[in-house]
Every structure is written in structure tokens, then in C-alpha cells.
Amino acid sequence: MDISIAFNNQAFYQKLKGIGYKGIDFPMVIYDNMTEIILSDAYTEEIMEEYRLIKQAGLQVSQTHMTFWPGHFEPFSNPEAYAKHFAPLYSKQIELTGMMNCRTTVVHLYLDEDEENSRKGNIALIQELLPILEKNNVVLSIENLYGPGFTDGHLTSADDLLFYMDYFKSPYLGICLDVGHAIALDQDPVEMLRKVLNHLTALHIHTSHPKQDLHAIPKFLGYAEKINWDEFYEVLSSGHYQGTFNLELIQPSNLSDEAILSYLQLAYHVANGIVNKK
């Protein structure tokens with residue numbers, strides 16, 4: 001299985017290819033002035049230039065990650081306001097995902113303390129996005145999330161995610177399993193994987209502790225590791241997952257380029273050890 005990573009520093013694309021990575025998990029997250037920026041021509045040009053550099057390095061865009069509100073319960077007065085705000089932004093980012101020859105994009109859907117509100121907002125949004133997804137041949141991968149203080153936001157469990165698979169029964173909807181988020185909610189990622197495997201279209205691979213979202217390199221928590229990675233990969237291999245083993249790690253800062261490169265190399269070797277049992 002190919003290994004990819006969420007990392008969009010263009011100075012490292014060639015180096016990532018040399019290490020052994022096959023793809024980039026391309027972030028499209030904008031926090032400030034997101035509507036003005038995402039819908040602009042300049043944004044499209046910037047994204048496509050980044051894609052050109054990724055291709056030039058011999059890498060693929062293995063998945064993208066659409067924008068989201070910088071908080072875990074959306075600050076909208078009602079689910080309809082949420083859908084109205086994000087539908088044009090996600091439509092544009094789905095189109096850009098297709099333009100980058102990428103077949104899946106990850107979404108943070110609407111979180112609400114009330115399950116009915118959460119589902120109402122998400123159903124309205126997904127219904128609007130399905131024609132855009134089909135037109136661009138892109139699958140919307142719904143990620144498992146937590147609410148404030150690592151509470152249940154009704155996108156938390158395998159059953160929460162499978163609700164949308166059963167409701168829409170669309171080939172343009174899938175599930176992104178974020179391993180660290182599952183651990184943060186004190187869930188068993190292996191059992192969660194078993195439940196969602198038939199709908200799995202993207203992965204966020206990292207490790208953490210309950211009630212923390214560390215985005216740490218797998219196996220780096222020692223005796224406190226909350227997942228059996230060999231068992232996880234065995235289950236993953238038993239299905240028909242077509243995506244990459246995608247690392248979503250904390251981005252290093254205040255490090256030299258040499259130190260960042262060592263970090264990326266280490267992360268790849270750990271992932272390769274899981275995938276190939278080395």
C-alpha cells in the first residue's frame with residue numbers, strides 16, 4: 001500500500017518523493033475570510049500552481065481536505081445556515097480536487113449537541129453537493145470528529161458515519177477514519193475500522209491519548225499506545241480499501257530543514273514498517 005502524508009511545503013516535495021512517499025494529502029483549509037478567498041480566481045491559480053509542483057516532483061494528490069470552521073461546534077444559528085455557508089465553498093473545493101486528478105476529499109461535517117440538528121444540517125449539505133461530486137468524479141469522505149472537550153458531536157462513532165452511508169446509498173460518499181480522533185474519544189480504532197471498512201475511502205493515520213489530539217507518529221507513545229498497529233493493518237488489508245496509508249501528523253515548526261527532513265524520514269519508516277512489517 002502506498003504511503004502519503006499531509007504536508008504542503010513545496011520546498012520538500014522532491015525530498016518526499018526521494019524518501020518513498022507516493023502522495024500528498026492536500027489541505028484546503030482557510031480560517032479567515034474563507035468565502036472571499038476560496039471563491040476567488042487567485043485561489044484557483046494558487047492551488048493549481050501547487051498541484052503543478054507536486055506533479056513535477058513525481059507525487060500525486062492522494063486526497064484533499066476541505067475547509068472547516070476553526071471550532072468543533074459550528075457557530076451557525078441553525079443547520080440551514082451552515083449548509084448555505086459551506087455549500088458554495090465545498091462545491092469549489094470539490095471542483096479543484098477533480099482538477100488535481102484526485103478522487104476523494106475529506107470533510108468535517110456539521111457538529112451539534114443535538115443529534116437531529118446535526119443530521120438535518122448534514123443531509124441538507126450533502127444533498128446539494130452530490131451532483132457536484134458526481135460531475136467531478138470525487139468521493140466525499142466523512143471524517144469522525146469530536147465536540148468541545150472531546151464530547152459526542154454525533155459524528156463520533158462508526159454508527160454516526162454509517163448513518164449517512166445508509167441514508168444516501170451513494171457511490172460518491174465514503175468514510176475517512178481518523179485513528180487519532182477515535183483514540184481521543186477512547187474508542188478502539190481497530191473495531192471502528194472493522195465496522196466502516198466496506199465504506200472506507202480515506203485514512204488519517206496518527207496516534208494519541210484519550211481526550212488529546214496529538215497527531216503523533218504511530219508507535220511513539222510507547223507503553224501508552226492505545227492501538228495495535230499490526231492488527232489495524234491486518235483488518236485494513238482484509239477489505240477493498242483503494243486509498244493510501246495516509247499520515248496526518250503534527251507539523252514541525254522552528255526546526256531546520258535538515259531536522260524536518262529527518263522527521264519526515266522517520267515517519268515514513270515507521271509507516272512502512274506497519275505496512276510491510278519491517
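Which residue is the bridge partner of G23 in β3? I looked it up, and the partner of G23 is Q60.

**Ground rules**

I am working on a predicted model, where local features need pLDDT of at least 70 and side-chain atom pairs count only at pLDDT 80 or more, while totals for chains, interfaces and linings use all residues. My numbering runs from 1 along each chain as its sequence is written, and side-chain values use heavy atoms, with hydrogens and water left out.

**Entry: strands around β2**

I took helices (H or I, at least four residues) and strands (E, at least two) as DSSP runs, numbered from the N terminus. I call two strands paired if DSSP finds at least two bridges between them. β2 covers residues 23–27 and β3 residues 60–65; five bridges join them, and they run parallel. Strand β1 (residues 3–5) is also parallel to β2, with two bridges joining them. There I found I5 opposite I24 of β2.

Next I followed the chain from β1 to β2. With helix α1 (residues 13–19), these two strands make a right-handed β-α-β unit. Right-handed here means that, with the strands pointing away from me, the path from the first strand over the helix to the second runs clockwise.

Is β2 enclosed or open? Four of its five residues are buried, so the rest of the structure largely encloses β2. My cut-offs: buried is under 20% relative accessible area, exposed is over 50%, and partly exposed is in between (1.4 Å probe, protein chains only).

**Entry: H65**

I then went to H65 in strand β3. Its relative accessible area is 6%, so I logged H65 as buried. For polar contacts I took a pair of N or O atoms within 3.5 Å; within protein, one must be able to donate a hydrogen and the other to accept it, and residues adjacent in sequence count only if both atoms are side-chain atoms. The H65 side chain has such a contact with the side chain of H108, at 3.3 Å. Another joins the H65 side chain to that of E143, at 3.3 Å. Leaving out residues up to four places away in sequence, H65 touches (heavy atoms within 4.5 Å) several residues, including D25, F26, P27, H204 and E248.

**Entry: positive phi**

Most residues other than glycine have a negative phi. I noted N33, whose phi is near 50°. N33 lies in the loop between β2 and α2 (34–38), and at 53% relative accessibility N33 counts as exposed. I also noted K211, with phi near 65°. K211 sits in the loop between β7 (200–204) and α9 (229–237), and is exposed at 54%.
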